[in-house]
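I opened the model and kept notes on what I looked up. The entries are in the order I made them.

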Amino acid sequence: QALTAEGSIVGTFQYMSPEQLEGNEADPRADLWALGCVLYEMSTGRRAFEGRSQASLISAIMSSEPAAVSQVALTSPPALDRLIAACLAKDPSDRVQSAHDVRLQLQWMSEPGSHSAPALLGAAATPRARNSALLTRVALAVGVLGLLAAAYMGYAQSTRKSPVMRLQIPMPSDLTLAPFWSFSAISPDGAHVVATGDRARDGQTLWLWALDSTNPIELTGAANGYSPTWSPDGRALAYFSSAGASLYRLSLAGGNPTKLCAAPVARGASWGRKDILVFAPSASGPLYQVAARGGSPSPVTALDSSRGESSHRFPCFLPDGEHFLFATLPEGPRGFPIFMGSLGSKKVKHIMDAGCAPIYAEPGYLVFVEGGNVTAQRFDLNRLELVGEPTAIGDAPAPSEYTAEPVATASRNDRLLIQRLTSPRSKLEWLDRKGSSLSTIALPEGDWLVRALSPDQTFAIATRDRDIWRVDLERAVPTRVVRDAWNEVGVALSPDGRRLAVDLGKSGGLTVDIYNAGGSGAAEKLKTAPALFQDVMDWSPDGTSLLLAVLGQKANQGGDTSWDLWTVPVTEGGTPAPYVSTSALERYARISPDGKWAMFMTVDNGQLEIFVDSYPVPGHRLQVLPGEPDRVCRILWGRDSREVLYSDRHGDLISLSLEPVGDDLRAGTPTRMFALPEDMTSIRTRDGERFLVSRPSGSTPGPSLQLTLGWTGLLRK
């Protein structure tokens, strides 16, 4: 596909019929559509359908009508208007049915004495010379189009596959999509796309693209919205909001969002034909159902203790609006167990094991991830089971942060939307207290993220391409310590820098692995409390305990839980115990250099707060940051144990001094240090004097929205 200077799309795509764009089987009537487009262009000097993007061109072909030829070329015969309109009818059955008829009509119009002469405009007749020139062009078109018809239709008869096109939804330069597979969705009619994005660092909200426009619009009132799902008629959206910790409904006709019910840590929703929503209100526990108009939610599935289930998530309704698919945790050796449930019963049926929750896509397929590929397999709606073999239809995008998250959404007219995530090529860089660059670590190319910094700041622990590495910061030499981790893994270095604590499990946390930080020797297993997920936060300076963020202590009983902080003794005989455990989310903690304090973040009803409390026994709490809207935040200890550092809502690094007052602390006045680099992906420090950050090296594309038209054509390749 070539683009002219004006941005109009040229090439064969310009002449594809509506049924081809919808992915339906094409017959000779699609070729007659193309002939109509060519004839229109020869008669008027411009194309029948225009668009400044592929998406807007598609919309024009599907929904608009070109101006009559006689309105553009004033000398054209009225019969030519009727002929071209007959070629460009949206419904193939309404078109002229053969190229032979088109040729006869053109010949008749070009004959002398034809009654197709153009009408007078007011009192002035059309000049004979202009009329003659147009008829000459039409006569020339007869022969040319006759040959074109024969060649084009002969080619089309031999290639009856539906065309497959991959388009990228236009993205404003200052809009950044959230890096999650399930934070975007295509409408049932394939005409709109909604996604979560952050424009110019103003905070995340939902954005709506009409595919006949290049610019998205912000959905008013949908601040902090994520995981959208469309109503079956495409007139409304349901979505979750971290600010309100609830499930909301929003009509696209206008008006404010309507709160349906609470959903504190949601993991997906689906809206069925019976106007019922099935959703996962938290990261653990069963699925719930609620009426699309709102009301009291009720469980629609039940965790199976015999299978050790801890979470049901990411449901997807089947076309009957009664049955739905969903993924379960923990992950098994062949992937996530996928079951089918129904609104009328808690009985479930095992469907498959897959690398993510599947979606249903017309005309009767499940789409999921398997072996690093986006994969489709036929699904029999009568028997409610898979049939045939799976077929890879493309490479899977880079991993998302939500476990078992679906990889795509689909419209009813053969369109598939995938949110493409990329693994950025990164560099490690030292910054001073003013934010100025001191030096860059010349590492091999990769998606480097710094996870921990040694006590003497001579080496760092970083992840790259799903492995964990020890990076010699003086010689710029990486040494692999752990293979096949995951990029968001939590790690902590022992105070002497010799051991590394890592939680490698994506689900079902029971142990933490202790490695030799030098990269040799087998891992030791440290027992922790049962959990759905756990994340290593820090290692106490005295070497006796780890601080962990833990999710789902009551998950196997279906309890409503959130992230809590736990201490786990490293020495034998110790028992893991809660450090901070409330109804709020407590996560992202750091222990002070003297081991007497811990700084952590909490999120309650969408409000972010930062606290410092005594460690390992809490009780002397100081609020560092009062309630603000939930956002990405960095927390660090600075000079000794008398300074804390955190990022504010503007992306600035703030310094706050601490002064002991008896057994408590008193905070000084917050002071701005410097603006954190907008492209920074991680930051670590040991003394508050130097900061090791990871930043993209070169131009790294952010998340993008890939739309595939006629995606089922990929199954026949």
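The entries below cover sheets, cores, cysteines and salt bridges.

**Ground rules.** I am working with a predicted model, in which local features need pLDDT of at least 70, side-chain atom pairs count only at pLDDT 80 or more, and totals for chains, interfaces and linings use all residues. Residues are numbered from 1 along each chain as its sequence is written, and side-chain values use heavy atoms, with hydrogens and water left out.

I looked up an open sheet of 4 strands, which run in the order 29-28-52-51 with antiparallel pairing. Strands here are DSSP runs of E with at least two residues, numbered from the N terminus, and two of them pair if DSSP finds at least two bridges between them. From one strand to the next the twist averages 25°; axes are lines fitted to C-alpha atoms, and angles run from 0 to 180 degrees between N-to-C directions. Inside this sheet, strand 28 (residues 426-431) pairs with strand 52 (residues 691-696) in the antiparallel sense, over 6 bridges. I noted W430 opposite L692 of strand 52.

Strand 38 pairs with strand 39 (residues 545-551) through 6 bridges in the antiparallel sense. F533 has L551 of strand 39 opposite.

**Cores.** Which residues touch the most other members of the largest nonpolar core? I find L247, L366, L547, I610 and W711, in a core of 96 residues. A nonpolar core is a set of buried Ala, Val, Leu, Ile, Met, Phe, Trp, Tyr and Cys residues joined through side-chain atoms within 4.5 Å. Strand 43 (residues 597-604) gives this core its largest share, 6 residues. I then listed the contacts (heavy atoms within 4.5 Å) of I610. Leaving aside neighbours within four places in sequence, I610 touches residues including M599, F600, M601, L622 and Y646. Another core of 43 residues lies apart from the largest one, and L57, I84, L88 and L709 are among its members.

**Cysteines.** How many disulfides does a search of the whole structure find? I get 0, with a disulfide taken as a pair of cysteine sulfur atoms within 2.5 Å. C87 is in no disulfide, and its nearest cysteine sulfur, that of C37, is 9.1 Å away. C87 is buried at a relative accessible area of 1%; buried means under 20%, exposed over 50%, partly exposed in between (1.4 Å probe, protein chains only). C316 also counts as buried, at 12% relative accessibility.

**Salt bridges.** I count 19 salt bridges in the structure, each a side-chain nitrogen of Lys or Arg within 4 Å of a carboxyl oxygen of Asp or Glu. R29 bridges to D27, with the closest N and O atoms 2.7 Å apart. R29 is partly exposed at 24%, and D27 is partly exposed at 26%. For R307 and E309 the closest N and O atoms are 2.8 Å apart. R307 is partly exposed at 40%, whereas E309 is buried at 4%. R383 bridges to E385 with a closest N and O separation of 3.3 Å. Finally, salt bridges that share partners join D304, R307 and E309 into one network.
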